[in-house]
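Here are some notes to read alongside the model. They are numbered so that each can be checked in turn.

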Amino acid sequence: LRMGFRDEAAGYFHKAVKLNPDFADAKENFYRVANWLVERWHFIMLNDAKRNLTYLKAIENAVSSGCTSVLDIGTGTGILSMFAKKAGASCVYACELSKTMYELARDVVAANNMEREIKLLHLKSLDIEIPKHIPERVSLVVTETVDAGLFGEGIVESLIHAWEHLLLQPKPKNQDISAGDYGRVIPASATIFGMAVECKEIRRHHRVGMQEVAGVCLSEAVQFFSPTYAFAGSEETVEPYTTEKLSRIPGGYIPLTEPCQVMTVDFNDLQELKSLATRKPWKLSLPVTQGGMLDAIVVWFVLQLDDEHALSTSPSEETCWEQAVYPVQGLLDYSVKTGDTVMMEVCCQDCYLKIQKISSLTSECGMDFSDRDNMLSLGNEAELCNALAGLQTTSKQDGSSQVCVLESTEIALLNDVPYHECFKAAMSKVLLSLNPSKDLHSMDVDGHGSGINFQENQNKSSLDVAPDPLYILDVSEGFSILPIIAGKLGPVKAYSSVEKEQHQAALNIISEANHFPRETLEFWLSHLEEESVVLQRPKSDKLWSIIILDVIETSGLIQQEVMEKAAISRCLLHSGGKIFPQYVLVYGMLVESESLLLESAVQGTEPTLGFNIAPFINQFKVPVRVYLDLSTLPCVPLSKPAELLRLDLMNPLLNSPSREVKVNICKSGRVTAIPFWYHIHLDEDHSLNTSDESSHWKQAAVVLDEPIPVQAGDELVLDVQHHKSNISITVKR
C-alpha cells in the first residue's frame, strides 16, 4: 500500500477478510482502501433507476436502428453491456482497466447468464487492437467515462482513438440510410453550463479569510492557495476543480449570475474532438444578477445520449451527480454587485475542462461585452485605461510573496478560529503551571498584555538568567500554526513536524512577522535520524511539556495507531506535562436516512432494471461512510445524541475495549444509520466539537446492514467496540 499499489493491496485485504471474516485488522484495512477500489459513486449510480433506464432506452433505440456490434468503454460492473445484449445486439465487447472492476464485471455477467455473449477485456480502450482483441470495427460505442467536469476521465482521448481505430465510419450528415453500416457513440453530445456563486463552505476551504489567528499575525508575505489554483502555473496535471453536491452543501449557495452555456461537444464528430485539445482559450463573460461574494464558478452538463434521451447533472435536478467547482482565488476584492461582469477564460487541456483567470469587472467601467468576437470594443486609450483599472485580476500575487499551496482541508483548519483559540488557552494553562514566573504573563499573546513586548522581554531576561525553555512537539498532520501560537506564550522551544519545504518557509516567514527569534521554532523532522521514530525526547536530557497528537482524521475517523502513539508520548512527558487532547468522547445518534443507504449499497435488482448486480458490488460496501456533513445529510433523527465511548490518552486505565450503551428512541421509524462525531477535550475546561459549524472536520456514520424498525419509547442497546483505531457500533437485538 505504501508503494502506491492500492488496487493490489485492497485485493489482498479483501481476500484476508473472506478467509477470516472476524479478523479485525484486515477488516479495518479493507474498509479504508475499499473506497479507492470501488468508488462510492458506483453504488449511487447503480441505485439511480432514472439514469439506468435512460441509458437502456437510448441503447435499445440504437440497436433497433441497426447498430448490432457494440463496444462498452470503461464497463465498470458491465451494466451497459448487458443493456446492449438485452436490446438484441449480436456482438458485445467491454473493456475495463481496473483489475477489481474487471473481475467484478466477469462475475456479474456470468450471474446474468451472458458470459458467452459479452466478451470482457481487461484493457484500456486505447490498447484494443483489431483483430487481436475484437474481430472488426463496431457500429456502436457506449460509454459513461465522464466525471463531474465531463472530460476528467479521458472520454475525448478514448473517443478519438475509437473513431480512428475501433468504430465504423460516421453516418454522412442529412442522409437517410440504415445505421448498421455506420458508427455512432452514446452519448452523442454534451452541453456544459456554468454560473458564478457565493458559497461560504467553498470559501472557507479555498481562501484564508483572516489576517490573525489566535493572536498570530498571518504575514501578508505569505499567500495561501488551494491545489486547484496551483495548476495554473505548474507543469504537473492537477485536477483544476473540486466536486460538490451543491444541493447538500452546508450553508447553501447563492447564484450570482444566470446559468450560461460554456461549450458544446459532439462526440460523433472526430474533427471536433481533435480540435478540442488544440483550441485556443476563449473568454466568457457572465453578467452579475445578484450582488455578493464571488466564491466559485460551478459547472454541470446535459449529456444528450441520442435525439430523445438526455441526462442532466444540474444542481437543481434530483441527480446522483456532483457538480464541478472552480474556486476563485487570488483576487484583491471578491465582492460583486448587480450590473458587474464576471470574466473568465475557458480551455480544454490535459483532458480537463479548465476555467481560469476568473475576475470581476465593475459596471462603472462602462465596457461593452456584447461583442460576439470576444473583442473588447474600446473607443480610445483613456477608456482602455479606465477599464483596466476596474478589472479585478489576480494582481494580488507579486514576486515578493511566498506562495504556499495547502490542501483544502488545511485551509479550512487555518480558518477554524475556535480550534486555535482553544489550543492557545489550553497550552497557556499548562505552560503557566510549569513556569509560574512573571515572564509568561508579560508575554501576552497579543503582545499587549502588561505592555512588555517579546523583544523587550527577551532583553530583560537575558540580563537575568534566561529561563530554561519548555519543549513543545506538534505532530498533528499537515500544515499547523500551533507551534507559532505556542511560541507567543513564553520561553518555549516549539517543534513543528511539517515536512514540505514550502510549508516550512511559510511558517518561518510567519514566525518572523510575529517577532520571535529563529530558534523558537524548529522543524522536528530535520532533527531525527530515523523519520519513522517521530516520538522521542527533544534532547537526551530533556522531556516534553506538551505533545500535540492528531487524533481525528478530517474524514471523521479516528487516526490509525493513535493509542499506540499516546502510550509512547506518556513516557516522553516531564512531570506536569500533557498530551493534547487528553481525552476524546465519541457521540452518536440513531437516524433514518434513505440517502445513506443508496450511497452505501445497491438496493436489490429494481434500480438495476432486473439485472443481478447488487450481491457482487455489495461485497465492497463499507459499513462506515466518511466525509459526511451531518448538518445537511437528508435524515430523520430517531434519538437524541448519546455518549458512546471515551478514549483517554493520558489515563489508559480509564479506557475499555467495549461497552454497552442504552439509547432511547424518541421518534418512530427505521434506524438505517448511526452518525458519530467527537468532543475533543484538550483538558477539563477546553474542548472542541467536530460537528460544529466552524469545524474543519467532517463526520462519519455506521450504516446498518438491515434497517431496524423502532417505535417511540423503545430502547436500543448499542454494542460499541474499540480496537486500535477502529470503532465498531452494532445494535444488539
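1. The model is predicted. Helix 8 spans 200-206, and strand 9 (222-225) is another element that supplies at least two residues of the lining.

2. The second largest pocket holds about 1200 Å³ of space. Its lining has 47 residues, and those nearest the centre are Arg-207, Val-208, Gly-209, Met-210 and Asn-415. By class, the lining divides into 17 nonpolar, 17 polar and 13 charged residues.

3. How many cavities of 30 Å³ or more does a search of the whole structure find? The search finds one. The volume of the largest cavity is about 90 Å³. It is lined by 13 residues, with Phe-423, Leu-549, Asp-550, Val-551 and Trp-697 closest to its centre. The lining of this cavity is made of eleven nonpolar residues, one polar and one charged.

4. Now the chain as a whole. The protein chain contains 20 helices and 38 strands. Of its 733 residues, 53% are buried. Among contacts with a separation of 6 or more, 77% are between residues 24 or more positions apart.

5. The largest nonpolar core has 105 residues, and the members that touch the most others are Leu-150, Phe-151, Phe-267 and Leu-303.

6. Phe-267 deserves a look of its own. Leaving out residues up to four places away in sequence, Phe-267 touches Leu-150 and Leu-303, and also Ile-155, Leu-159, Trp-163, Val-185, Pro-187, Ala-188, Ser-189, Ala-190 and Leu-273.

7. Why is helix 7 described as largely enclosed by the rest of the structure? Helix 7 covers residues 155-165, and eight of these eleven residues are buried, so the description holds. The buried ones are Ile-155, Val-156, Ser-158, Leu-159, Ile-160, His-161, Ala-162 and Trp-163. Their cover includes strand 1 (69-73), strand 4 (140-143), strand 5 (184-186) and helix 10 (270-278).

8. Is Lys-354 buried or exposed? Lys-354 lies in strand 20, which runs over residues 352-361. Its relative accessibility is 5%, and buried means under 20%, so Lys-354 counts as buried. Lys-354 is 203 residues from Phe-151 in sequence, while their C-alpha atoms are 10.0 Å apart in space.

9. The same cut-off can be applied to His-42, which sits in helix 3 (residues 41-46). With a relative accessible area of 12%, against a limit of 20%, His-42 is therefore buried. Apart from neighbours within four places in sequence, His-42 is in contact with Gly-76, Met-101 and Ile-617.

10. The buried residues of helix 17 are His-503, Gln-504, Ala-506, Leu-507, Asn-508, Ile-510 and Ser-511. After helix 17 comes His-515, with a positive phi near 55 degrees.

Technical notes: Residues numbered from 1 in each chain as written. Predicted model: local features only at pLDDT ≥ 70, side-chain atom pairs only at ≥ 80, totals over all residues. Heavy atoms only, no water. Core = buried A, V, L, I, M, F, W, Y, C linked by side-chain atoms within 4.5 Å. Buried < 20%, exposed > 50% of the residue type's maximum accessible area, 1.4 Å probe, protein only. Contact = heavy atoms within 4.5 Å. Helix = DSSP H or I, 4+ residues; strand = E, 2+ residues; numbered from the N terminus. 1 Å grid on protein atoms, 1.4 Å probe; cavity = no way out; pocket = protein on both sides within 12 Å on 5 of 7 lines; lining within 4 Å. Points joined across faces, edges and corners; volume = space filled by probe spheres on them. Nonpolar A, V, L, I, M, F, W, Y, C, P; charged D, E, K, R; others polar.
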